[in-house]
Structures are given as structure tokens and as C-alpha cells.
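This report describes the fold of one protein and the setting of one of its residues. The sequence and the model are shown first.

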Amino acid sequence: GCADDKAVYPFVHDMIKYYLGEEPSLAQVDTFVCARPDDKKYVLEHLEQEPEITVLGSSSDDCACLSAALECYRPDLLLLDGRGRALFDPRHLQAIRNYARSGRVVLLLDRADTQTAEDILRNGFHGYLLTTSAVGRYARAIRAVSRGEIWIPRALLARVLVSWLQG
């Protein structure tokens, strides 16, 4: 098919409208892309419907709010929006590293490359999800990281290991 990549599928109707100037003739399954603010809101609001997942709260990008939220809620797993890399600011990192000693951290990112994966691992985080990931991947990633696994694609993890071995 023309959309066999899950990251492309949600955009097929938009591509048909844009390039062909037509309305798609087939219906599309609802697909949420967390890079879109409304879709992200929907996914995060509905994560709690997944068995074994309880959403305790949320925090803004403010470092003081993040520290207070971690202290107040003490979650088993922290799902952080890491877009824009402001998260890698030293003030944020210290609060998150302190939390990561006893909890698990997964980042939401727009893109990931070898350097980003290295930063994630060096800072004690446990994985990432692309904002274009299918909704089901969020629940699978949260469960996997909760079991102690690292959620980084194998090919990217292999590149990180090769980089570290050669460096």
C-alpha cells in the first residue's frame, strides 16, 4: 500500500487532498499523531483507559513545577515532552536525574538520531517515543520501560553502541 509506514498513514488523506485536490474515497481509521496538539491531548487523556496505567498528573515546562510534581506524585514512570531540547537544560536535567534514580523516564520527541539516543542514555533516561508513534506504542513503551526495558529502536541503539565502542 501507499501508507505501509505507520508514521505516514495518518497523513494519507491530507496528501490526497493536497496533491490531487480530491476528497478520499475510502474511510480512514482514526489515527492520532502526538505532534498535533489536539491528538496529543486526546492520547494522554485516554492513556488511563489502558490496564495497569494510571495517570497521576501533569506539569508545565517550568523546572520548579516539574520538581514539585515529581515530589508530590512520585510516579513509577515519567513521560516527558522532550521536544525543543529545553529538557536538556541543566536545571531540568538535575531534577529528572534525581527522579530517575528510583523511577523511569521516557521522552516524547519529534525526531531522534544517534546523538539524541546517546543523550537519553547518558542522562539516565529509559527510552523515547516519537510523537508520530501510533497510540498503541505509547502503552507498549510504558509497560516495557516499567518492566525495566529500554525503549529505543534496536538499529539506533546499535549505532549508539558502535559510536561508544569506537569513541
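## Basis of the model

The model is predicted: local features need pLDDT of at least 70, side-chain atom pairs count only at pLDDT 80 or more, and totals for chains, interfaces and linings use all residues. Residues are numbered from 1 along each chain as its sequence is written, and side-chain values use heavy atoms, with hydrogens and water left out.

## Overall fold

The protein contains seven helices and three strands, taken as DSSP runs (helices H or I, at least four residues; strands E, at least two) and numbered from the N terminus. Their order from the N terminus is α-α-α-β-α-β-α-β-α-α.

Of the 167 residues, 35% are buried (under 20% relative accessible area, 1.4 Å probe, protein chains only). The accessible surface comes to about 10400 Å², and carbon and sulfur atoms hold 53% of it (Shrake-Rupley method, 1.4 Å probe). Among contacts (heavy atoms within 4.5 Å) with a separation of 6 or more, 52% join residues 24 or more positions apart.

## Strand pairing

Strands β2 (residues 104–109) and β3 (residues 127–130) pair in the parallel sense over four bridges; pairing requires at least two DSSP bridges. Val-106 has Gly-127 in β3 as its bridge partner.

## Ala-139 in helix α6

Ala-139 lies in helix α6 (residues 135–146). Ala-139 counts as buried because its relative accessibility is 3%. Beyond residues up to four places away in sequence, Ala-139 touches Leu-47, Glu-50 and Ile-53. The C-alpha atoms of Ala-139 and Glu-50 are 7.0 Å apart, although the two are 89 residues apart in sequence.

Notes
Buried < 20%, exposed > 50% of the residue type's maximum accessible area, 1.4 Å probe, protein only.
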